[in-house]
Amino acid sequence: MRSSIERHRPAPALILAALLLCAAFGASAISQTLPPERPAPIALLDDARRALDAARNALEGAGKGRARLAALGAAVAAQEQALAAFRAASRALAGRAAVLSAGIEAERGRIGELIAVLQSLSSAPKSALFAYPGGPLRAARASILLASVTPALEARRAALSSELHRLGEVRVAEAMARTGATDVLTELQNLRAETAIALEERRRSLPPQRLMAAQARNAARDAETVGALAETLEAVLGGAPAETGFAERRGTLPLPVAAARVTAGFGAPDPWGNAGAGLTLAAPAFSQVAAPVDATLRYAGPLPGFGRVAILEPETGWLLTLAGLGRIDRAVGETVKAGERLGDLGQDLPENSEILLAREDGGDLIAPAQLYVELRQEGVPVDPAPWFVMTDSADGRQ
């Protein structure tokens, strides 16, 4: 019959497992946790809220007529930027929550393993330690190492508690982002409806520009590219430009689409595979396209293969072409102010479920649309990029 010491002797493999777990606790951490500083998505939400407040204040202070129309355009742009920020933050925070959850579950497993080993060791009598292979000296060393596990275990428990708290904060922020996106979407729909009414009232008050419209149609009849349309139109332009001093506006123009990013620069092929002489922007398909500068609208209509095209004349000798619109709400010959709506990239505003959800493969349910921007001086294409204010998110060309 085995002695009591033999029956309770800790198996060498069991003690080895405990020591290995002890070493692992000294080196491991919950994987991929959030940095201690404020997460970038939450800062993004704060920026979006500030932009919304500024746009709302400007809209409240705007009067009627052209001032109201410009303020509406700016408010819609701010809402679209905020919507993009809320959606991006929601998706990023959901990803962070998933990473934290996985790390927490892994850490719980490691703690559980160590507790199970320690419970097994604690059931052995002290006299059994002297039967440890290698003699009492190695047994004493093993006991010292095992004693160090207790504070390490407490430290990991505290870290786990901290990560659980952080996970809760991230989930709360994610819920706030989703709620913010829903609220902004509702407000955006109302603003677009008000803009449509204001534009319709303005159209009824303007005399028809039949001659200019006919010239534009003739220019588009035989044009095969956006550049050819601009060249043909240039030969028949007439009337006073919207403003002078356009050259001084270099570097100050807002991009015509909020929340857009540059996907191709000057000299790269345009979205339709032609030799490009402008910028290609990507933005959500429902986005508003606004005039970046005061100008006269010299062409507004379809061009086969290029979607709808708007050509603006900010000053004699300068043409700014925007191609790829889904619809245009302004008429040829009309003067537009910077920030006023021209149209949009097509596709109705999405439903809440489309705004907030992602595809199963992690992609976006809302496909981006492309807007091509070309600038010409006296018929010669020039790089439009230096004329626009480029944010870090916009200047993301590939």
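Which residue in β9 is the bridge partner of Gln 288? In β9, that partner is Asp 344, and this residue will come up again below. Before going on, a word about the model: it is predicted, so local features need pLDDT of at least 70, side-chain atom pairs count only at pLDDT 80 or more, and totals for chains, interfaces and linings use all residues. Residues are numbered from 1 along each chain as its sequence is written, and side-chain values use heavy atoms, with hydrogens and water left out.

**Strands and their partners**

Helices (H or I, at least four residues) and strands (E, at least two) are DSSP runs, numbered from the N terminus. Two strands pair if DSSP finds at least two bridges between them. An open sheet is formed by three strands in the order β3-β9-β7, with antiparallel pairing. Its edge strands, β3 (288–290) and β7 (327–328), each pair on one side only. Between β3 and β9 (residues 341–344) there are three bridges, in the antiparallel sense.

Now turn to β2. This strand pairs in the antiparallel sense with β1 (residues 261–264) over three bridges, and Ala 264 stands opposite Thr 280 of β2. With β10, β2 pairs in the antiparallel sense over seven bridges; here Leu 281 stands opposite Leu 371. β2 is also mostly covered, as six of its seven residues are buried. Buried means under 20% relative accessible area, exposed over 50%, and partly exposed in between (1.4 Å probe, protein chains only).

**The nonpolar cores**

A nonpolar core is a set of buried Ala, Val, Leu, Ile, Met, Phe, Trp, Tyr and Cys residues joined through side-chain atoms within 4.5 Å. The largest one has 32 residues, and those with the most contacts inside it are Val 289, Leu 312, Leu 371 and Val 373. Two or more residues come from each of β2 (278–284), β4 (295–302), β5 (308–315), β6 (318–325) and β10 (368–377). A second, separate core has 25 residues, including Ala 62 and Leu 188.

Contact means heavy atoms within 4.5 Å. Leaving aside neighbours within four places in sequence, Leu 312 is in contact with residues including Pro 292, Trp 318 and Val 336. Thr 321 lies in strand β6 and counts as buried because its relative accessibility is 1%. With neighbours within four places in sequence again left aside, its contacts include Val 226, Ile 311, Tyr 372 and Val 373.

**Salt bridges**

A salt bridge is a side-chain nitrogen of Lys or Arg within 4 Å of a carboxyl oxygen of Asp or Glu. By this rule the count comes to 19. Here are some of them.

| Pair | N to O distance |
|---|---|
| Arg 192 and Asp 344 | 3.2 Å |
| Lys 337 and Asp 294 | 3.7 Å |
| Arg 327 and Asp 329 | 2.8 Å |

Lys 337, in the loop between β8 (335–336) and β9, and Asp 294, in the loop between β3 and β4, are 43 residues apart. Lys 337 is partly exposed because its relative accessible area is 37%. Finally, a network of salt bridges links Glu 80, Arg 192, Arg 327, Asp 329, Arg 341 and Asp 344.
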